[in-house]
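Subject: Structure handover and salt bridges

Dear colleague,

Please find the structure below. My notes on its charged side chains follow.

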Amino acid sequence: MTPRFGSVDELLAAARADLTRLDPHQAVARVAAGALIVDIRPAWQRETDGEIPGSVIVERNHLEWRLHPASGASLAVATKGQEWIVVCTEGYTSSLAASALVSLGLSASDIAGGIHAWRAAGLPVMPGPTAVECRVGNGAATP
């Protein structure tokens with residue numbers, strides 16, 4: 001039976017129960033160890049707040065198909081065992097998205113506080129928007 005929640009807050013709490021959420025500096029350390037950050041924000045938000053260098057742009061509505069290696073529509077970087085760190089604006093949608101990836105058996109977490117926390121931590125951002133399914137800083141190259 002599919003769980004039912006009385007509020008969005010309950011849904012969010014359930015999603016986060018299975019995640020190890022990362023602060024921005026923990027995310028940087030994970031990326032250094034091979035994880036990839038996936039930015040799920042729409043272009044207008046990426047243009048407003050900037051983008052994390054090296055992140056992969058996959059808007060939320062395609063996320064599961066592009067990151068699951070066996071979907072038939074996956075990106076080349078969506079390999080078995082790839083760790084994903086999902087980022088959104090403030091860390092709410094990213095928790096729900098990361099939870100969906102975990103439910104598919106993928107290694108996923110998110111950045112608590114989203115791009116706003118990233119910027120507040122003094123970490124680099126680049127102007128956006130980068131094209132969908134491309135890496136930030138790689139121009140038109142696909143991931």
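Is Arg41 buried or exposed? Arg41 is buried, at a relative accessible area of 1%, where buried means under 20% relative accessible area, exposed over 50%, and partly exposed in between (1.4 Å probe, protein chains only).

Please note that this is a predicted model, in which local features need pLDDT of at least 70, side-chain atom pairs count only at pLDDT 80 or more, and totals for chains, interfaces and linings use all residues. Residues are numbered from 1 along each chain as its sequence is written, and side-chain values use heavy atoms, with hydrogens and water left out.

A salt bridge is taken here as a side-chain nitrogen of Lys or Arg within 4 Å of a carboxyl oxygen of Asp or Glu. The count by this rule is 7 salt bridges.

One of them joins the side chains of Arg41 and Asp39, with an N to O distance of 2.7 Å. Asp39 is likewise buried, its relative accessible area being 0%.

Arg46 and Glu51 also form a salt bridge, and their closest N and O atoms lie 2.8 Å apart. Both Arg46 and Glu51 are buried. These two residues belong to a network of salt bridges that links Arg46, Glu51 and Glu59.

A further salt bridge is formed by Arg60 with Glu64, where the closest N and O atoms are 2.9 Å apart. In this pair, Arg60 is partly exposed at 27% relative accessibility, whereas Glu64 is buried at 15%.

Yours sincerely
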